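Trainee: Hi! I have a new structure to look at today. Could you walk me through it?

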Amino acid sequence: MANAKSRRRSRFRLVILLLLATGLAALWFSSLGQRLRGDAAAGTAYAARVVCSCRFVAGRSMEDCAKDKLAGMGLIRLSDDEEAKSVTASVPLIARETARLRPGYGCVLAPYSDRQSE
């Protein structure tokens, strides 16, 4: 009897897990999910560039620069690379952007900072 009860609980948990995964997938592909991904991409790009400028142009510490994040940017995580003079901002599993100090241009997002001067 206990074994049958345990199996029912396991099936119930599996069904709940599958429903939760289906709901999350539906959210991910819905217009709301697209908006959230877009907001995360814009927020990480903004944070990477602003904090890179704060860190490597103004010469402030990462802790001090992190205070400059706007309201609603609490999920964005920041990390710096002193050697590469870059800052990476990310929202885990959703968006990630890196800004690098480019002499003569300031801090620019990675796809642009990797190009040679034209």
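Mentor: Happy to. A definition to begin with: two strands pair if DSSP finds at least two bridges between them. Keep in mind that this is a predicted model.

Trainee: Good to know. In S4, which residue is the bridge partner of Leu 101?

Mentor: That is Cys 107. Strand S3 covers residues 95-102, and S4 covers residues 106-109. The two pair in the antiparallel sense, over 4 bridges.

Trainee: And how many residues lie between S3 and S4 in their hairpin?

Mentor: There are 3 residues between them. In the turn you will find Gly 104, with a positive phi of about 85°.

Trainee: What about S1 and S2, how many bridges join them?

Mentor: S1, residues 77-81, is joined to S2 by 5 bridges, and these strands run antiparallel. As an example, Asp 80 stands opposite Val 87 in S2. S1 and S2 also form a hairpin, with 4 residues between them.

Trainee: Which residue in that turn has a positive phi?

Mentor: Lys 85, at about 50°. Lys 85 has this positive phi although it is not a glycine. You can find Lys 85 in the loop between S1 and S2.

Trainee: Is Lys 85 buried, exposed or partly exposed?

Mentor: Lys 85 has a relative accessible area of 33%, so it counts as partly exposed.

Trainee: Then how about Leu 93, what is its phi?

Mentor: Leu 93 has a positive phi of about 70°, although it is not a glycine. Look for Leu 93 in the loop between S2 and S3. With a relative accessible area of 88%, Leu 93 is exposed.

Trainee: Let's change topic. Which residues of the largest nonpolar core touch the most other members?

Mentor: They are Ala 47, Val 51, Cys 52, Ile 76, Val 87 and Ala 89, out of 17 residues in that core. H2, helix H3 (62-66), strand S2 (86-91) and S3 each supply at least two residues of this core. H2 gives the most, with 7 residues.

Trainee: Oh, a pocket! What volume does the largest pocket have?

Mentor: About 250 Å³. Helix H2, residues 31-57, gives the most to the lining, with 6 residues.

Trainee: How do the lining residues of the largest pocket divide into nonpolar, polar and charged?

Mentor: The lining has 8 nonpolar residues, 3 polar and 1 charged.

Trainee: And how many cavities of 30 Å³ or more does the structure hold?

Mentor: It holds 1. About 40 Å³ of space lies in the largest cavity. Its lining is made up of Tyr 46, Ala 47, Val 50, Val 51, Asp 68, Lys 69, Leu 70 and Met 73.

Trainee: What classes are those lining residues?

Mentor: The lining of the largest cavity has 6 nonpolar and 2 charged residues, with no polar ones. Tyr 46 and Met 73 are found in the lining of the largest pocket and in that of the largest cavity.

Key. Residues are numbered from 1 along each chain as its sequence is written. This is a predicted model: local features need pLDDT of at least 70, side-chain atom pairs count only at pLDDT 80 or more; totals for chains, interfaces and linings use all residues. Side-chain values use heavy atoms; hydrogens and water are left out. On a 1 Å grid over the protein atoms alone, a cavity is a set of points where a 1.4 Å probe fits but cannot get out, and a pocket is an open set with protein on both sides within 12 Å along at least five of seven lines; lining residues have an atom within 4 Å of a point. Grid points are joined across faces, edges and corners, and a volume is the space filled by probe spheres set on the points. Ala, Val, Leu, Ile, Met, Phe, Trp, Tyr, Cys and Pro count as nonpolar, Asp, Glu, Lys and Arg as charged, and the others, Gly among them, as polar. A nonpolar core is a set of buried Ala, Val, Leu, Ile, Met, Phe, Trp, Tyr and Cys residues joined through side-chain atoms within 4.5 Å. Buried means under 20% relative accessible area, exposed over 50%, partly exposed in between (1.4 Å probe, protein chains only).
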